[in-house]
Amino acid sequence: MRHLLAALWIALGAALIGLAPGQSWVPAAQAQQAMNGPDYALWEDLAALVEDALESDEVATTELENLRRKVVEFRQKFVDAQDANATPLRTLREQIEALGPVPEDGVEPEEIAAQRAELNRRLARLEGPVRMAELARSRADGLIAGIDETIRERQTAELLRLGPMPVNPLHWPEAARSIFTLLAEIRTEVQDSWRSPLGRVIRNDNLPVIFAWTLLGLVLLTRGRNWSGRVMRRLDTGEPSAGRWIAIFGVSLGEWLLPYAGVYALVQAITVSDILGPKGQIVLAPLLLAAFLYLQARWLSQRVFPRIEPHGPMLRLDERARYLGRLYGALLGAVVAAFYIVQEVARDAGWSEAANNVVIFPLQVLTGLLLWRVAALLRQHQSACEEDTESETRFADMITRGVSRVIVAVALVGPLLAAVGYVKAAQALMLPTAMSLLMLAALLILQRLVTELYVMITGNREGARDSLVPVLAGFGLILVSVPGFALIWGARPAQLMDFWTRLSEGVSLGGIKLSPAVFLTFLIVFGLGFMATRLLQGALRNTILPKTRIDTGGRNAIVAGVGYVGIFLAALIAITSAGIDLSSLAIVAGALSVGIGFGLQNIVSNFVSGIILLIERPISEGDWIEVGGKHGYVRAISVRSTRIETFDRTDVIVPNADFVSGTVTNYTRGNTVGRAIVAVGVAYGTDTRKVEQILREVAEAHPMVLMNPKPTVLFQGFGDSSLDFEIRAILRDVNWVASVKSDMNHEIARRFAEEGIEIPFPQRDLWLRNPETLRGEAQPPAGTAAPGASTAVPAMLAEGDFDGPEGDGDGR
């Protein structure tokens, strides 16, 4: 009796305060009060009503959802009330802080004391509504959590409840009786409406409209798909391209939308004819959505398992497997549509649970069979990917393997649960799985569409798969589809709206409020600033700076500096535009400075060195330098390091600190003029003046050698085997020093050969201490010279001395 009275009290309260679904919560008389702030009296009544409903546990779930919606509306008002006086409160607190702390003895000038008291009074007056709103919001959060928990417990109990077994033959007559009774009632309604004079008048008046709707529906339903297919075949006759694929994709939507328009037209014709009564409307009402689901599933299966795909199908399947995929996809859509129709009809027609379970069970078995076959196709695709040795294993392949295993498990467990009586649990498991497959197919198609758009814009099909843009677009599609998957798997719309509300409000982190709006504002402003910086850099690099007299290194330094400053300003403006208070980052900045002092010391050193390099420009891009024993050209100077390309075409990454603290040789700093030194030796006895003249002529004849100053030839000295000379010449471009040396050596060799000048090479004489050992003779007594020792000098050796390991000769 207590629960009954509580239920009556809740119903009475709902009637008194206007809780009927669809009715406005705030009456017109209270509109002005709602504009000024929350009505706390009305809120107390609603809160008490919700608490009684949760305590009694007798209120229907739909009524709880309605109560929850009203509580959410009030909570939003409380949130707005909390932020209403934010600016005045902040101003008052800043003014009180400006007055300073109260002296320890409590004695301060009367004027300051009066001003402090007035500010505190105004602060307390403004903080009062905020505190009330905070308390009310906390209570609203608790009530919402209680309602969600109650609904969740009811849903869990419903899923785990053991119902009538559909395989029990005792329930079959009841199911058949429910179906035939509904059909008989619909037939009776149609006959009564057809014989009714009023119905005849309505049909006669609407006969042209009925005929037009019927004709349009039949034409679209029977010919719409063929029209789209004919246009697609015409578009597919040319050279495959991204634009052609997108055009075919757009036309293929007609295979889905045109038949659906035909179904809509037929439904309108039946509605206008007024031939169906209430029972007939039970079947007609869910027909549109069911047709939409079926046609959508059929279209998705045709896109995922195409007959002909010039750029390769989405799944690696042969033609037979793709045909089966199209068939299974269409049947899966039909099963989902049938699920929806049966559930709506059973609810509105008042079928018993046993009858509903019996009618649903064949659909669940068919769903399990179709899921099993779809999993087999996915395994076939996975096998094809594994057999292709040229294809790298990707994350998508692992997802495919996991999805196929989950589908197999659902296909086995679902019908078994339904057979033993857990029909709700089986339906909550199998139907979302089928809907999720359709959602995944839609994501695959959209990802392919984005890739083709990227290919059409860039013209780079080979790099489209590895490009960042399609990957980010796919990630965005997955994020957008998350609410859809959540709804499919049982999440309530109210929960999603509540989650989005909390997400929009953001979280406070160190005094900074972070929310999606803040992130979006930051990304948009920073993106615009980044684009503007890149455009300015491009204008400077290609249009403005080339017209100045600044060298290439200076132009590169200016462009790089503008980039750093622009990115810094873009980040600063983005942070400010997003409403992030930089003063709140003081503690974070202090902690970061400690980290910089210890762990980031080298990085900061390199960063500062990079700034110094850009300002002082001891090196520039394109310079030939030597640092740390490495020769090469400077290719890029970044904030942290500099990239050098060596002469063997390898890149060396050098930290910027090495350029500032170490020794760097720049061969092309300021200009490319440099000196080449070519050393040459001639045999003893050669006329040195003649050699000097020849070498001077060779140097002056080379086009890369400057005549001011003129090249010089130096007689360096007397070597071990030659008279040593050097050519020292100043080149126009020192980058060609190796080629110049090679050219001069070739010319020197040619001129010396013409003049008969010999270029010597090292020569040595060998004296054998014991030559008899080579001839196999007995060793002579000590102190006796070996015969022929003085003549054992090979003819091919020149003069020289060799006294052995302990001798005094050259020993070389």
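Phenylalanine 74 and phenylalanine 78 are about one helical turn apart, because they stand four residues from each other in helix α4 (residues 61-84). The model described here is predicted.

- Lysine 77 lies over the face of phenylalanine 74, at 5.0 Å from the ring centre.

**Tyrosine 684 and phenylalanine 718**

- The ring centres of tyrosine 684 and phenylalanine 718 are 6.4 Å apart and the planes meet at 15 degrees, so this pair is stacked.
- The pair links distant parts of the chain, 34 residues apart: tyrosine 684 belongs to the loop between β8 (674-682) and α25 (688-701), and phenylalanine 718 to strand β9 (residues 712-718).
- Tyrosine 684 counts as partly exposed because its relative accessibility is 45%.
- Phenylalanine 718, at 62% relative accessibility, counts as exposed.

**Aromatic pairs across the model**

- The count of aromatic pairs comes to 18.
- A cluster linked by ring pairs contains Trp245, Phe249, Trp256, Tyr260, Phe292 and Trp299.

**Arginine 322**

- Helix α14 (residues 319-349) contains arginine 322.
- The arginine 322 side chain reaches two backbone oxygens: that of proline 306 at 2.7 Å, and that of leucine 317 at 2.8 Å.

Note on methods. Residues numbered from 1 in each chain as written. Predicted model: local features only at pLDDT ≥ 70, side-chain atom pairs only at ≥ 80, totals over all residues. Heavy atoms only, no water. Helix = DSSP H or I, 4+ residues; strand = E, 2+ residues; numbered from the N terminus. Polar contact = N/O pair within 3.5 Å; in protein donor to acceptor, adjacent residues only side chain to side chain. Phe/Tyr/Trp six-rings, centres within 6.5 Å; stacked < 30°, edge-to-face > 60°. Buried < 20%, exposed > 50% of the residue type's maximum accessible area, 1.4 Å probe, protein only. Lys NZ or Arg CZ within 6 Å of the ring centre and 35° of its normal.
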